[in-house]
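Biologist: I am new to this structure and would be grateful for a guided reading of it. May we proceed by question and answer?

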Amino acid sequence: MSEIFGYPIPVILGQLMLGLVNGSFYAMLSLGLAVIFGLLGVVNFAHGAFYMLGAFAALIGLETFGVNYWFALVLSPLVVGIFGIILERLLLRHLYKLDPLYGLLLTFGLALIFEGVMRDQFGSGGQGYPVPDALQGSFNLGFMILPIYRAWVIVASITVCLVTWFVIERTRLGATLRAATENPKLVQAFGINVPLMVMLTYGAGIALAALAGVLSAPVIQVSPLMGSSLVVVVFAVVVIGGMGSILGAIVSGLALGMVEGFTKVIYPEASNIVVFVIMAIVLVLRPAGLFGRE
Amino acid sequence: MRRSLFLFYVVLVIAGLAAPWLDIYPVYLMTLYSFAIFACAFNLLLGFGGMLSFGHAAYFGLGAYLTSWMVTSQHWDTIPAILVGMLAAMLAGIVIGLLAIRRSGIYFAMITLALGQLVYFVCLQAPFTGGENGIQGVARGTLLGLVSLRNDIAMYYFVFGLLVAVFLAIRRIVASPFGQVLKAIRENEPRAVSLGYDVDRYKLLVFILSATLAGLAGSLKALVLGFATLTDVLQGTSGEVILMTLLGGAGTFLGPVVGAGIVVTLQDTLSDRVGSWVTVIIGAIFVICVLAFRRGVVGEFQAWLDRRRARA
């Protein structure tokens, strides 16, 4: 048996693999969005832009300062995360008491600014980022060829996602964080510096997006516009998964990536829209999202 | 309506009627009016209904595409072609509205954004939209066979008349019992539910109205400039209409018109000189608006007038 529904298995597996790679990025981004929303009540529209900045930080690091991939994996999220923290202190902080829609609008404006600046500096076209030496080549699994870098992206992102989940759901720090989400005043009364925690959480969420950006740099073209289309899909993922759940964000991200990959095999024209169609169906059947509570 | 306000409106209308005889490029004004209609339609939803749609370019774009297609491929005349564009926007508004009103607040924004992107991809791939090229060479036709709209002056009065009509219609809608219930829902939805109002029906209706008028704006823009392209359905266009409304003043009547004027003028004067910095400037205005200027130009002006009156 080498075909399913008339499509050769290696083709299906190849696309599912690509879908899983995209799904890892969806998972990391929606995870960051969920964490930020939980604590700050801000839907970070600039998340895609930070993802793009993460990829560019790696690219610029490599070309200008000779920073290799492995250092970029650490440095780029750090730099972009600190940048995010500065923005939180300067701008976002003033909006916490207002309608969350203002946060959405402000970060939308920020996304436009970042995109515009990068487009002015680097043009709209994409630039390649070389796959690091250690991750070149591919495994031959017998039934399919698996490029090592793609396997690495999937393993690395799932690990990062699970670690984040563990920290939030299973550690003391995470418990404090969740408590601050429920009732910041009370947590503050226990002597915990909530504004500092909010600031660091925002930084961490941004760093996750930047990390996804670095991971994606060798598999896609690094371009100023790479974030703006992604963020819309990630929003749909978040609506499907329900923003309240960390695990929900991870699972829906990965699953939807694979659904997208599978659609590329059976009906390529719909691969761009399948996530939105699923979102519409979920809205009809379970308006609160698959993992959400109303 | 207070007498001073009425007089102010009269002055505005006279200025609008006189504009083509002054030395102003009529196509620029007509583009501005099309976007002003778009922003007024958007404001009906955001300012009076309290719903932030992040995908309004979908209706604008559908209006533009359908009208252009009816004119170029089906050789329909202007008015019926515009009606088809509005109908398409209305149908999209019904479907998307039904889905989006199932959630509120930021979820509503995210859902409309995602479904707007869906419409974009459909337009990108549909056979009749001309893909990346769009539909070019859209002739303006006639006004019911009586007046040729190829003439810029005739077209100008047609678009201006529609802007005035939409403006008055929105004033009327907001003042009606329907508009009052809408305001009640915006202020306190649970309360409106407990008073026995079918909240979802009101929300859906205002959503459809807004989408239909956005479609009209798109149709007019396509006729004025003679083309419909993917830019019309793009996420960026949804952002622009939000900015126009926010900058002018959401929930004020004249705000969206002022906002459209500022944004269209900015783009018109800046795009040749600064290239991709236009995006940066628009983003920066967004940030400033949200941080320091949440009532918008007209809103702040009204607040200032109120403060002065209170002191006097």
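Biologist: What share of the contacts in chain A with a separation of 6 or more comes from residues 24 or more positions apart?

Modeller: Please note that this is a predicted model. The count takes contacts in chain A with a separation of 6 or more, and asks how much of that set joins residues 24 or more positions apart. That share is 77%.

Biologist: How many helices and strands does chain A have?

Modeller: Of the 294 residues in chain A, 49% count as buried. The secondary structure of the chain comes to four strands and 11 helices.

Biologist: Are helices H2(A) and H4(A) roughly parallel or roughly antiparallel?

Modeller: Helix H2 (residues 47-65) and helix H4 (residues 100-122) of chain A have axes that come within 9 Å and cross at roughly 30°. Angles under 35 degrees count as roughly parallel. Therefore H2(A) and H4(A) are roughly parallel.

Biologist: Which residues of H4(A) make the contact with H2(A)?

Modeller: The crossing of the two helices is left-handed. H2(A) contributes Gly48(A), Ala49(A), Met52(A), Leu53(A) and Phe56(A). By class, the contact has eight nonpolar, one polar and one charged residues. The residues from H4(A) are Leu110(A), Ala111(A), Phe114(A), Glu115(A) and Met118(A).

Technical notes
Residues are numbered from 1 along each chain as its sequence is written. Chains are lettered from A and ligands numbered from 1 in the order in which they are written. This is a predicted model: local features need pLDDT of at least 70, side-chain atom pairs count only at pLDDT 80 or more; totals for chains, interfaces and linings use all residues. A residue is buried if 20 or more other C-beta atoms lie within 10 Å of its own, exposed if 12 or fewer, and partly exposed in between; C-beta atoms are placed from the backbone. Two residues are in contact if their C-beta atoms, placed from the backbone, lie within 7 Å. Axes are lines fitted to C-alpha atoms, for helices over the stretch in contact, and angles run from 0 to 180 degrees between N-to-C directions. Angles under 35 degrees count as roughly parallel, over 145 as roughly antiparallel, 65 to 115 as roughly perpendicular and the rest as oblique. A crossing is left-handed if the near helix is turned anticlockwise from the far one by less than a right angle, and right-handed if clockwise. Ala, Val, Leu, Ile, Met, Phe, Trp, Tyr, Cys and Pro count as nonpolar, Asp, Glu, Lys and Arg as charged, and the others, Gly among them, as polar.
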